[in-house]
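Colleague: I would like to learn how to read pockets and domain interfaces in a model. Please take me through one example.

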Amino acid sequence: MFKKILIANRGEIALRIIRTCKEMGIKTVAVYSTADKDSLHVKFADEAVCIGKPQSTESYLNIPHLMAAAEITNADAIHPGYGFLAENARFAEICGEHGIKFIGPTPEMIRKMGDKMTAKETMIAAGVPVIPGSDGLLQSVDEAKALAKSMGLPVILKATAGGGGKGMRVVWEESELENAYNMAKNEARAAFSNDGIYMEKFVEEPRHIEIQVAGDQYGKVCHLSERDCSIQRRHQKLVEESPSPFMTPELREKMGEAAIKAASAINYESVGTIEFLVDKHRNFYFMEMNTRIQVEHGVTEEVINFDLVKEQIKIAAGIPISGKNYTPQMHAIECRINAEDPYNDFRPSPGKITTLHIPGGHGVRVDSHIYAGYVIPPYYDSMVAKIITMAQTREEAINTMERALSEFVIEGVKTTIPFHQQLMRDENFRKGNFTTKFTETFKLV
């Protein structure tokens, strides 16, 4: 087992990893930018190293600085968390070149699933259902028009190196296609330095349902059930839950089998997620694979009583997994609490937290790095906490969430707590009647 792990991340996920490492008897090294010197992950780690200025490119994305921190502290492994360099194949490669274990999949696995067209081709070969679309990258707007005409509208244009909704455009009318094509390419070029785009048939009334998977270094792969991530805004998830209210035992079995096929196709090792779009007829299609721990991993942990971060570390250390497939034994819901103003188009709201009260009680888990007096910097993702409630039934989990949100006090900045409070009272949400388009018609009052 590893003696010391450097966490190449910040905030809530860094603190989450530190907690599991402490329970496993593993020393930890926190890294931080000058803007994060007072963050809790810095205070709770065994050692801490400043790696640069507030801008991510000068700190959390600066590979030489991270490797120097690992070497001067004698860390024998690096955990990337999520975001930043978590799915950067070159970073994983450099860790290996320096004799430091990257806690995640191999660089080859990251590359295979990081490019969406390559991933799609891999899934087709593995027999995993994919959304109908272009055979490769689009070479011209004329090709895009011809393909859209043959498939029928609506279609969606996607950046091959995309993520977070960037480089994506839905086309409903033929007259919109040329402008959408150019905008998608320009946005992809600006965001990813890669303007490659492809086309897929647009799935109407879709659900976003993902399957958690784990694979070890010996070829064994299992799934750990599903999460429904359909409540999202501009392709950014806001609420996740397990089990999905749309799920049936038959669908769970089929999607679980498909997820195992997908991970097995690249001999996947580590914890990861296979993401699917599911239409109103419960047909499901591979969307992408996230080769890292996810923000919403705690939802799965609560419904199957399983520490996914610990499993990641054990797999990286060469310990085989059990190979057992899991199904939810409880119901859990997660609300992402962001420092954003939901009454002002979710505008970021950095600043000093003057008052803080974290909710508690039976069935409530809060993962956060904030405290009264903490200053939320403007340089990073605006998520400041994740609140998860769990109960025997979905209705009970929602009721617990409604109660917990009423206790959650964050003053000094705007947060998304009012949005979540109203959502928990919404009749359609309570009935499980929602798709990925839900927030487009959801009116905050």
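Colleague: What volume does the second largest pocket have?

Modeller: Rolling a probe the size of a water molecule over the atoms shows where empty space is left. Here the second largest pocket has a volume of about 190 Å³. A pocket is an open set of points on a 1 Å grid over the protein atoms alone, where a 1.4 Å probe fits, with protein on both sides within 12 Å along at least five of seven lines. The volume is the space filled by probe spheres set on the points, which are joined across faces, edges and corners.

Modeller: This is a predicted model, with local features needing pLDDT of at least 70 and side-chain atom pairs pLDDT 80 or more, while totals for chains, interfaces and linings use all residues. Residues are numbered from 1 along each chain as its sequence is written, and side-chain values use heavy atoms, without hydrogens and water.

Colleague: Which residues lie nearest the centre of the second largest pocket?

Modeller: They are E205, P206, F434, T435 and K437, out of 14 lining residues (an atom within 4 Å of a point). By class, the lining has seven nonpolar, two polar and five charged residues (nonpolar: Ala, Val, Leu, Ile, Met, Phe, Trp, Tyr, Cys and Pro; charged: Asp, Glu, Lys and Arg; polar: the others, Gly among them).

Colleague: How much area is buried between domain 2 and domain 3?

Modeller: The size of an interface is often given as the accessible area lost when the parts come together. For domain 2 (141–201) and domain 3 (207–440), bounds being from an automatic or database assignment, about 340 Å² is buried (1.4 Å probe, summed over both parts). Carbon and sulfur atoms give 49% of that area.

Terms used
Buried area is the accessible area (1.4 Å probe) that two parts lose on being put together, summed over both.
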